[in-house]
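Okay, thanks everyone, let's get going.

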Amino acid sequence: MAMPVSCSVFRRAALALALVAGGMPALAQESAGQSANQIAAGQAVGEAVLIPNRIIYPGETIELAALKQVTLVPGKHKPDAMATRSEELLGKVAKRTLLPGRYIPTAAIRDAWLVEQGASVQVYFTAGALTISATGVTLQPGAAGDLVRVRNIDSGKIISGTVMADGTIKVGAS
């Protein structure tokens, strides 16, 4: 008769121990979740940045499909001189190999060429009401605002001018 009583006590103790032991991971997870929520509520959300999700080779135009957005750990900031927003990256051309998971230095990208080397372009000189135009061949590629060399087709003279947004070349004063 004494055996079943001690066995019953032993079973209750084992059951209680099993319940406590079985409930520990759940309590720990819940506790960890509350702690993470409390930390997140107390701190600012990390900065979202764009980084390559694959290798981007030199000369390749950067497209949205080649980028992924990641959120920095709260308290971390992107280094200076890094392009991490879509308006800084989309349509730009890589000057060197860009590796996945790494920041993109602003010095490693450039605007797309508006004029290619060897292209026939219109060259304009404007001074007040006077405008002179000529046809030229670019000796180097250039993006808007770049200074490029152009050979005048008629005279053969090489001149320098600024690439305009419409793909023409502006030389001289205003």
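Let's start at a turn: glycine 156 has a positive phi near 80°, and it belongs to the hairpin of β9 and β10, with 5 residues between the strands. Before I go on, this is a predicted model, so local features need pLDDT of at least 70 and side-chain atom pairs count only at pLDDT 80 or more, while totals for chains, interfaces and linings use all residues. Residues are numbered from 1 along each chain as its sequence is written, and side-chain values use heavy atoms, with hydrogens and water left out.

When I say helix or strand, I mean DSSP runs, numbered from the N terminus: H or I with at least four residues for helices, E with at least two for strands.

Strand β9 (residues 147–152) and strand β10 (residues 158–163) run antiparallel, joined by 5 bridges; for two strands to count as paired, DSSP has to find at least two bridges between them. If you want a pair to click on, valine 150 has isoleucine 159 in β10 as its bridge partner.

Then β10 pairs again, with strand β11 (residues 169–171), antiparallel over 2 bridges. There, threonine 162 stands opposite lysine 170 in β11. That hairpin has 5 residues between β10 and β11, and glycine 167 in the turn has a positive phi of about 90°.

So which residue has a positive phi although it is not a glycine? That's alanine 81, at about 60°. You'll find alanine 81 in the loop between β2 (67–71) and β3 (82–83). Alanine 81 is exposed, at 53% relative accessible area. For the cut-offs, buried is under 20% relative accessible area, exposed is over 50%, and partly exposed is in between, using a 1.4 Å probe and protein chains only.

Zooming out for a second. The chain has 2 helices and 11 strands, and along the sequence the pattern reads α-β-β-β-α-β-β-β-β-β-β-β-β. Of the 174 residues, 21% are buried. The chain exposes about 11,500 Å², with carbon and sulfur atoms supplying 60% of that; those areas come from the Shrake-Rupley method with a 1.4 Å probe, and for residues only the protein chains shown count as cover.

Now the inside. What makes up the largest nonpolar core? It has 12 residues, including Leu50, Ile56, Leu67, Leu89 and Ile109. A nonpolar core here is a set of buried Ala, Val, Leu, Ile, Met, Phe, Trp, Tyr and Cys residues joined through side-chain atoms within 4.5 Å. Apart from that one lies another core, of 8 residues, among them Val115, Val148, Val163 and Ile169.

Take isoleucine 56: setting aside neighbours within four places in sequence, its contacts include Ile62, Ala66, Leu67 and Leu98. Contact means heavy atoms within 4.5 Å.

Threonine 84 sits in the loop between β3 and α2. Buried or exposed, would you say, for threonine 84? Threonine 84 is buried, at 3% relative accessible area. Leaving out neighbours within four places, threonine 84 is in contact with Val49, Leu50, Lys78, Leu89 and Tyr103.

On to charges. Side chains of opposite charge can pair when their charged atoms come close. My salt bridge rule is a side-chain nitrogen of Lys or Arg within 4 Å of a carboxyl oxygen of Asp or Glu, and the count by that rule is 4 salt bridges.

Glutamate 60 and arginine 54 meet in one of them, at 2.7 Å, N to O. Glutamate 60 is partly exposed at 22% relative accessibility, and arginine 54 is partly exposed too, at 33%.

Arginine 85 and glutamate 88 form another, at 3.0 Å, N to O. Then lysine 92 pairs with aspartate 111, with the closest N and O atoms 2.4 Å apart. This pair links distant parts of the chain, 19 residues apart: lysine 92 is in the loop between α2 (86–89) and β4 (93–94), and aspartate 111 is in the loop between β6 (109–110) and β7 (120–127). Aspartate 111 is partly exposed, at 38% relative accessible area.
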